[in-house]
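Here is a short tour of one protein model, meant to be read with the structure open beside you. Please have a look at the structure first.

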Amino acid sequence: MTEIIDGNAVASEIRDDLTDAIETLADAGARPGLATVLMGDDPASQTYVNMKQRDCEEVGIESHHVDVAGDAPAEELYDTIADLNDNDDVHGYIVQAPVPDHVDYREVIRRVDPAKDVDGFHPENVGRLVAGDARFRPCTPHGVQKLLESADVDTEGKDVTIVGRSDIVGKPLANLLIQKADDGNATVTVCHSRTDDLAAKTRSADVVVAAVGVPELIDGSMISEGTVVIDVGVNRVDADTEKGYELVGDVEFESAKEPASAITPVPGGVGPMTRAMLLYNTVKAASLQEEIDVDLP
């Protein structure tokens, strides 16, 4: 019987576990604060920001938000970042991607205070992760690790194939999984658009992580018996529904779940974990900045 890994349930447990740490910080006069910055009016980005604000309210994190006009000069966004860097009530913040074309997103990331970079994208934080001394693990890769832990998947000595080499998921996850740690010690193959015979790589894996952004690229014929499948992809495809579309992953769920020993659904798998780990990083940032020890899940 294939285990369907419930990301909503695991994320809920993490949020519950964070409550004690948040109360400890608040009792010491240091309620964690998370800010979101949205430049422009992209509907999907607005939805994500609203969800993150609701998450903060649920666990007791102080939520802040800044809107920047989409046609404003890049310097206005940079000034906003500088203000957040100097704001002691904000322990962490994110600049919601994508930003308008006239803004260099890499420059945006470079201007974020690394101590408040709860996405974990600043070059300093990337370097620390690669060196095995991560300040913040990027939210989605960390969420994947938590899902594997929840399914009692021990990655030590396992072959893990990651399909996708993005800076957000593929690269940091590969670095985390190869490290000498209880949730690492894996042998990792990273596949991408230039990989020959992708199916051979996925069929040889104990764990497959799909994070390439191509709807249902991986089907059951590419999965071996007993493989654990983590589907990071969220793709909107046309469908005969009230909305006119449905969300599917990078894995063709129905065929892949037959050979898999465990698999995440889309939606309801990795997505909720990304948001939960953002809260985790915010609490950790507050703990580090305020020099108050807390127990983190």
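Predicted model: local features only at pLDDT ≥ 70, side-chain atom pairs only at ≥ 80, totals over all residues.

The report below covers an annotated site, a set of paired strands and a helix.

Residues are numbered from 1 along each chain as its sequence is written, and side-chain values use heavy atoms, with hydrogens and water left out.

**The annotated site**

An unreviewed UniProt entry gives the annotation "binding site" to G164, R165, S166 and V234; such annotations may be inferred rather than shown by experiment. From this set, S166 and V234 belong to the lining of the largest pocket. Here a pocket is an open set of points on a 1 Å grid over the protein atoms alone, where a 1.4 Å probe fits, with protein on both sides within 12 Å along at least five of seven lines; lining residues have an atom within 4 Å of a point.

R165 sits in the loop between β5 (159–163) and α7 (170–178), and S166 lies in the loop between β5 and α7. Helices (H or I, at least four residues) and strands (E, at least two) are DSSP runs, numbered from the N terminus. The table gives relative accessible areas, where buried means under 20%, exposed over 50% and partly exposed in between (1.4 Å probe, protein chains only).

| Residue | Relative accessible area | Class |
|---|---|---|
| R165 | 41% | partly exposed |
| S166 | 29% | partly exposed |

Contacts are heavy atoms within 4.5 Å. Leaving aside residues up to four places away in sequence, R165 touches G170, K171, V190, C191, H192, S193 and R194. With neighbours within four places set aside, S166 is in contact with K171 and P172. The S166 side chain also reaches the backbone nitrogen of V169 at 2.9 Å.

**The strands**

Strand β2 (residues 33–39) is largely enclosed by the rest of the structure, because 7 of its 7 residues are buried. G33, A35, V37 and M39 point one way from β2, and L34, T36 and L38 the other way. In a regular strand, side chains alternate between the two faces of the sheet.

Strands pair if DSSP finds at least two bridges between them. β2 pairs in the parallel sense with β3 (residues 62–68) over 7 bridges, and V37 stands opposite V66 in β3. β2 and β4 also run parallel, joined by 4 bridges, with T36 opposite I94 in β4.

**A helix**

Helix α10 (residues 270–290) has 21 residues and reaches 30 Å from its first C-alpha to its last. E291 follows α10 and has a positive phi, near 60 degrees.

Key
Polar contact = N/O pair within 3.5 Å; in protein donor to acceptor, adjacent residues only side chain to side chain. Expected span 1.5 Å × (residues − 1).
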